[in-house]
Amino acid sequence: MGEQKPLVLDVDGTYLKTDMLFECFWAGLGKHPTKTFKVCVAHINDRALLKAKLAEIADLNCDLLPVNPQVEALAQAAKGQGRPVHLASASDQKLVSAVAQVSGHTGTTFASDGVTNMKGSTKAAALVERFGEGGFDYAGNEPVDMQIWEKGDSAIVVGAPKEAAQLRARGRTVTEIDDGTAPKDVLRAMRPHQWVKNILLLLPLLAAHDFALASWLSVALGIVAFSAAASSIYIINDLLDLEADRVHAKKKYRPFASGAVSIKHGMLLYVVLTLVTLGISSLLGAKFMAIVVLYMAISLAYSMRLKRMRWVDVIMLATLYTLRVVAGAAAGGVHVSLYMLVFIFPIFITLGSVKRLTELHGATDDARLPGRGYARQDRKPLLYLGVIGIIGALILFFLYSLTDHAASLYPSQGLLWFALLPISIWLVRMLILGYQGKQDHDPIIFALKDKKGLGILMFTLSLMFYAAGLWQQWFGF
């Protein structure tokens with residue numbers, strides 16, 4: 001009996017639920033951004049060399065790359081029938097060989113080599129030369145793979161229904177596999193649960209006692225803009241953190257890390273969200289747009305480098321939280337007091353410390369957290385930094401209560417001082433819960449779900465309103 005007809009698997013988007021060229025690009029940006037940009041500019045017209053250079057910079061851990069389980073099942077079934085399984089990819093040979101080794105599909109590998117880009121007609125010619133026309137079954141996922149399906153026998157088509165229909169119309173045997181991309185996963189990639197943090201834009205209106213409908217509608221529009229901006233940055237952050245997320249117990253299920261949403265779709269979504277952000281921001285004036293652009297610029301710098309720097313990381317988190325408050329003032333057209341900014345910044349320093357304490361609680365060794373600059377031994381310094389933030393916030397709040405500005409807004413100074421008690425209780429409670437690892441990964445989101453904490457905040461807000469005379473104005477008492 002002659003050799004069984006081989007099964008040839010494309011790698012990017014077919015055997016793997018990701019694309020190794022994009023994987024290399026984002027891993028390179030995270031490790032060596034300047035070098036990566038230079039390589040892309042220098043070799044953008046030479047795809048084979050570009051892939052080889054990016055593979056050197058990225059040094060991907062191919063063990064972690066997500067595999068399409070349906071394609072893997074076909075490969076195992078083919079092996080069970082005694083059929084050889086080969087990998088053929090336009091990715092660099094170094095990476096394709098690594099995937100073959102990890103997967104156990106160690107037949108012949110066809111890949112780009114720094115000179116030849118193994119794609120489309122080039123790949124088709126190589127396979128025909130090796131196996132003969134009609135001498136192999138091929139699994140692919142892109143329109144360009146039509147050139148290979150036409151030279152092979154049976155076609156396995158992943159996530160390309162139009163091409164599958166064309167092949168069937170030509171009388172070819174087709175096995176169609178869905179690429180698994182679902183709208184809910186695309187939405188999940190935008191992290192809509194994080195949008196609740198943008199409620200911070202309402203703080204200037206509350207502090208200024210501005211309850212005009214027009215002001216609140218403007219800020220609501222600002223919240224939409226900031227939500228789109230934040231989602232765009234979360235996408236970039238996730239693309240930069242692919243490897244770190246894949247070794248994390250929970251983050252490995254994120255859409256890009258798991259392959260539920262492709263990197264290419266993520267990049268497109270980033271562009272769309274950025275355009276939405278700038279479009280809405282333009283309606284709210286130049287000042288608001290400038291703040292949003294600054295927020296996005298700092299967020300990008302944070303994602304690419306600053307989050308890996310101890311202490312700078314916490315300061316940047318506090319800065320990004322504070323910018324939301326400044327943006328709320330710009331959107332609502334109200335003055336944001338310098339006292340308010342000086343008061344809330346140390347609060348956000350504390351909350352930034354809480355965020356890192358929560359992550360460190362689950363650390364099992366003294367190694368740094370993946371993609372972060374902190375290790376288990378930093379828990380106490382972070383705790384002390386949180387305490388300093390609490391003390392600083394309370395002192396600044398007290399000093400603010402003595403100013404003419406406070407007197408004009410809060411005639412009942414004694415009640416304003418009494419509000420220090422629930423504020424301190426809330427902050428200390430947040431810090432303790434973070435140290436004990438009893439929070440979500442974001443303290444703002446936790447705070448808005450925490451019933452006891454919300455009760456304390458509502459009590460504090462009631463005291464502030466009463467000190468301002470608003471209860472008397474609204475309800476006559």
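Colleague: How many of the 28 residues of helix 11 are buried?
Modeller: The model is predicted: local features need pLDDT of at least 70, side-chain atom pairs count only at pLDDT 80 or more, and totals for chains, interfaces and linings use all residues. Numbering starts from 1 along each chain as its sequence is written, and side-chain values use heavy atoms, leaving out hydrogens and water. Buried means under 20% relative accessible area, exposed over 50% and partly exposed in between (1.4 Å probe, protein chains only). Helix 11 is mostly covered, and its count of buried residues is 20.

Colleague: How far does helix 11 reach from its first C-alpha to its last?
Modeller: Helices (H or I, at least four residues) and strands (E, at least two) are DSSP runs, numbered from the N terminus. The expected span is 1.5 Å times one less than the number of residues. For residues 213-240 that expectation is 40 Å, and the helix comes close to it, at 41 Å.

Colleague: Which residue of strand 4 stands opposite Val 8?
Modeller: Val 8 lies in strand 1 (residues 7-10), where Val 8 and Asp 10 are buried on one side and Leu 7 and Leu 9 on the other. Strands pair if DSSP finds at least two bridges between them; strand 1 has three with strand 4 (residues 137-140), in the parallel sense. Opposite Val 8 stands Tyr 138.

Colleague: Which cysteine has the sulfur closest to that of Cys 62?
Modeller: A disulfide needs two cysteine sulfur atoms within 2.5 Å, and the structure holds zero. Cys 62 is buried, at 8% relative accessible area. The closest sulfur is 7.9 Å away, too far for a bond, and belongs to Cys 24.
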